[in-house]
Amino acid sequence: MSSAPIRDPFADHLITPQNSALVLIDYQPSQFASVRSMDTGLLLKNIVSTVKTARAFNLPIVHSTVNVAAGQGQTVPELAELVAGSPPIDRTTVNSWEDLTFLAAVRATGRRKLIFCALWTEVCMAFTALDALRDGYEVYPVVDAVGGTSVEAHRAGLERVVQAGGHPISWVSLACELQRDWARQETVADVVQIVLTDRLRQE
């Protein structure tokens with residue numbers, strides 16, 4: 001058995017640690033409380049696993065909140081400690097792409113593939129993803145780490161982004177796409193821990 005040579009990690013059409021960034025938007029208590037598209041406990045586990053994966057591969061993380069200054073509450077503690085190195089950009093805009101500080105942070109990553117995690121699916125994920133697509137970015141919503149105000153709203157938000165050119169993924173597929181080859185030893189232990197030991201062998 002022999003693996004093919006590693007493809008250009010910047011030009012690869014698939015997600016790599018070198019060509020992608022994680023966009024994390026509005027994982028705050030009030031948003032979680034209004035999710036009806038899936039169990040919020042499972043949603044929290046999935047977003048935590050997604051962020052752990054991003055960290056394992058050293059992806060840039062653009063972390064944003066909405067209206068914390070007006071009392072909406074900070075990022076939930078389980079995520080806040082994971083993204084302590086990426087201070088949140090607090091906004092008043094519903095669409096993060098319309099916040100200039102957020103937009104500058106995305107552009108500063110230098111990455112064209114954006115992995116999207118936001119609450120809610122049909123609002124804060126969809127609006128921002130649609131604008132990113134319009135501006136020439138590739139968008140990958142993590143379908144089981146985002147949630148909407150109903151099953152129908154979640155589905156409609158995803159379909160709207162997909163119709164505009166987005167590429168839906170799951171948190172497990174993201175981890176495997178970043179890893180790509182089990183011969184790449186640097187991250188194998190982290191991926192096995194995050195995906196198998198912590199989650200799939202437990203559930």
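The numbered points below start with the basis of the model and then take up its parts in turn.

1. Basis. This is a predicted model, in which local features need pLDDT of at least 70 and side-chain atom pairs count only at pLDDT 80 or more, while totals for chains, interfaces and linings use all residues. Residues are numbered from 1 along each chain as its sequence is written, and side-chain values use heavy atoms, with hydrogens and water left out. Helices (DSSP runs of H or I, at least four residues) and strands (runs of E, at least two) are numbered from the N terminus.

2. Salt bridges. Side chains of opposite charge can pair when their charged atoms come close. A salt bridge here is a side-chain nitrogen of Lys or Arg within 4 Å of a carboxyl oxygen of Asp or Glu. The model has 6 salt bridges by this rule.

3. The network around aspartate 12. Arg7, Asp12 and Arg180 are linked in a network of salt bridges. Arginine 7 pairs with aspartate 12 at 3.2 Å, N to O, and arginine 180 pairs with aspartate 12 at 3.1 Å, N to O. Arginine 180 lies in the loop between α7 (171–179) and α8 (185–200), and aspartate 12 in the segment before β1 (20–25), so this pair ties together parts that are 168 residues apart in sequence. For exposure, buried means under 20% relative accessible area, exposed over 50%, and partly exposed in between (1.4 Å probe, protein chains only). Aspartate 12 is buried at 6%, whereas arginine 7 is partly exposed at 43% and arginine 180 is partly exposed at 29%.

4. A pair between strands. Glutamate 138 and lysine 113 form a salt bridge, with their closest N and O atoms 2.8 Å apart. This pair links distant parts of the chain, 25 residues apart: glutamate 138 is in strand β5 (residues 138–141) and lysine 113 in strand β4 (residues 113–118). Lysine 113 is buried, with a relative accessible area of 4%, while glutamate 138 is partly exposed, with 30%.

5. Helix α8. The 16 residues of α8 reach 21 Å from first C-alpha to last, close to the 22 Å expected at 1.5 Å a residue; the expected span is 1.5 Å times one less than the number of residues. A kink of about 40 degrees is centred on glutamine 193 in α8, the bend being the angle between axes fitted to the seven residues ending there and the seven starting there. The buried residues of α8 are Thr187, Val188, Val191, Ile194, Val195 and Arg199. What covers these residues includes α2 (40–56) and α7.

6. α2 against α8. The axes of α2 and α8 come within 10 Å and cross at roughly 175 degrees. Such axes are lines fitted to C-alpha atoms, for helices over the stretch in contact, with angles from 0 to 180 degrees between N-to-C directions. The two helices, α2 and α8, are therefore roughly antiparallel, a label for angles over 145 degrees. Contact means heavy atoms within 4.5 Å. Among the residues that meet are Leu42 and Lys45 in α2, and Thr187 and Asp190 in α8.

7. Two single residues. Threonine 128, in helix α5 (residues 121–134), is buried at 0% relative accessibility. Not counting residues up to four places away in sequence, threonine 128 touches Ile25, Asn95, Ser96, Trp97, Phe102, Phe116 and Val123. Glutamine 18 is in the segment before β1 and is partly exposed at 33%. With the same exclusion of residues up to four places away, glutamine 18 touches Pro9, Phe10 and Arg111.

Conventions
Angles under 35 degrees count as roughly parallel, over 145 as roughly antiparallel, 65 to 115 as roughly perpendicular and the rest as oblique.
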